[in-house]
Amino acid sequence: MALVTGSTSGIGLGIARAFAAAGSAVVLNGFGRPEDIAETQAIIVSEFGVKVRYSPADMSKAAPIAEMVAMALDTFGRIDVLVNNAGIQHVAPLEQFPIEKWDAILAINLSSAFHTTRAALPSMRKNKFGRIINIASAHGLVASPFKAAYVAAKHGIVGLTKVTALETAEANITCNAICPGYVYTPLVEAQIDGQAKSHGIPREQVIRDVLLAQQPNKRFATVEELGALSVFLASDAGASITGTAIPVDGGWTAH
Ligand code: NAD
């Protein structure tokens, strides 16, 4: 069973679909209109014939996260794969960075992974198997201006990944971070619109000259690529890969 946080949209949904396609039951989590979430659930069930559950837990709060993990364990008896993916973004210069945005980004993009991992590890240890995949970012390895909270949280999750890997290394549990460059999702769509308005330039120019300026291959990574990498990390072939931060960024961090 694979529990994927923030999987009602974007990368998380792509990863959940990849695990379902590989035959795994999945627990979805994230926000959205109830009818859209029900439809997403039904599509995965009918396409892949696996069990799908949904938790509305808010990843900015410890208590609902504990309830989500307990629900997953009650329902399936185990969590084989935990994907910490939920995340938000806010772009502003440091001096004007809203304090509540800093707090929310640190809570959702970093602390939630601590809470899920802490809650899921006892059962993974008992089952003598676990795969934890943290969706960091190229911004977990390098910085960009105006993304203080996001870059801090993503560097933080790369550190948490290493600690988790070291503490679980002898328990047949692995923990790795995936560090995507730009992936076309609703999170990025919002940035395209925002940057087009603030710079007064067309969308195409924002994509080429702003978003993909650092991404040498000049294309967005896809949610399918990230899903396939996640399934690989969870497979037997990934058993010795732990504590890593794997860039999926078209060469961005090779600069
Ligand atoms: P997205 O906005 O499409 O999806 C984010 C998901 O997180 C949604 O399901 C949303 O409902 C959920 N979410 C947000 N706040 C939540 C909360 N408080 N509690 C529970 N769920 C919550 O974004 P995405 O682009 O798919 O991003 C997913 C992850 O990938 C994030 O951690 C992001 O930082 C990371 N990432 C994205 C890109 C990119 O280019 N899109 C690049 C690198 C890393």
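**Figure 1. Ile 207 counts as partly exposed, because its relative accessibility is 21% and the buried class ends under 20%.** The model shown here and in the other views is predicted. Ile 207 sits in helix H7, which spans residues 203-210. When neighbours within four places in sequence are left aside, the contacts of Ile 207 are Ile 192, Leu 212 and Phe 220. Gln 191 lies 16 residues from Ile 207 in sequence, and the two C-alpha atoms are 9.6 Å apart.

**Figure 2. An open sheet is formed by seven strands with parallel pairing.** The strand order is S3-S2-S1-S4-S5-S6-S7. Strand S3 (52-55) and strand S7 (245-248) are the edge strands, each pairing on one side only. From one strand to the next, the twist averages 20°.

**Figure 3. Strands S1 and S2 pair in the parallel sense.** Ala 2 has Val 26 of S2 as its bridge partner. In strand S2 (residues 26-29), Val 26 and Leu 28 point one way, while Val 27 and Asn 29 point the other way. Side chains in a regular strand alternate between the two faces of the sheet. All four of these S2 residues, Val 26, Val 27, Leu 28 and Asn 29, are buried.

**Figure 4. Six bridges join strand S5 and strand S6 in the parallel sense.** Strand S5 consists of residues 130-135, and strand S6 of residues 173-180. Ile 132 is bridged to Cys 175 in S6. Helix H4 (residues 99-127) packs on the sheet and touches strand S4 (81-84), S5 and S6. The direction of H4 makes about 175° with that of S4. Helix H8 (residues 223-234) also packs on the sheet, where it touches S4, S5, S6 and S7. The direction of H8 makes about 165° with that of S6.

**Figure 5. The ligand is surrounded by 31 residues.** The closest are Ser 9, Asn 85, Tyr 150, Val 183 and Thr 185. For Val 183, a backbone N or O atom lies 2.7 Å from an oxygen atom of the ligand. For Ile 11, a backbone N or O atom is 2.8 Å from a ligand oxygen atom. Lys 154 takes part through its side chain, with an N or O atom 2.9 Å from an oxygen atom of the ligand. The ligand taken alone exposes 830 Å², of which the protein buries 93%.

Key:
Residues are numbered from 1 along each chain as its sequence is written. This is a predicted model: local features need pLDDT of at least 70, side-chain atom pairs count only at pLDDT 80 or more; totals for chains, interfaces and linings use all residues. Side-chain values use heavy atoms; hydrogens and water are left out. Two strands pair if DSSP finds at least two bridges between them. Helices (H or I, at least four residues) and strands (E, at least two) are DSSP runs, numbered from the N terminus. Axes are lines fitted to C-alpha atoms, for helices over the stretch in contact, and angles run from 0 to 180 degrees between N-to-C directions. Contact means heavy atoms within 4.5 Å. A residue is near a molecule or strand if one of its heavy atoms lies within 4 Å of it. A polar contact is a pair of N or O atoms within 3.5 Å; within protein, one must be able to donate a hydrogen and the other to accept it, and residues adjacent in sequence count only if both atoms are side-chain atoms. Accessible areas come from the Shrake-Rupley method with a 1.4 Å probe; for residues, only the protein chains shown count as cover. Buried means under 20% relative accessible area, exposed over 50%, partly exposed in between (1.4 Å probe, protein chains only).
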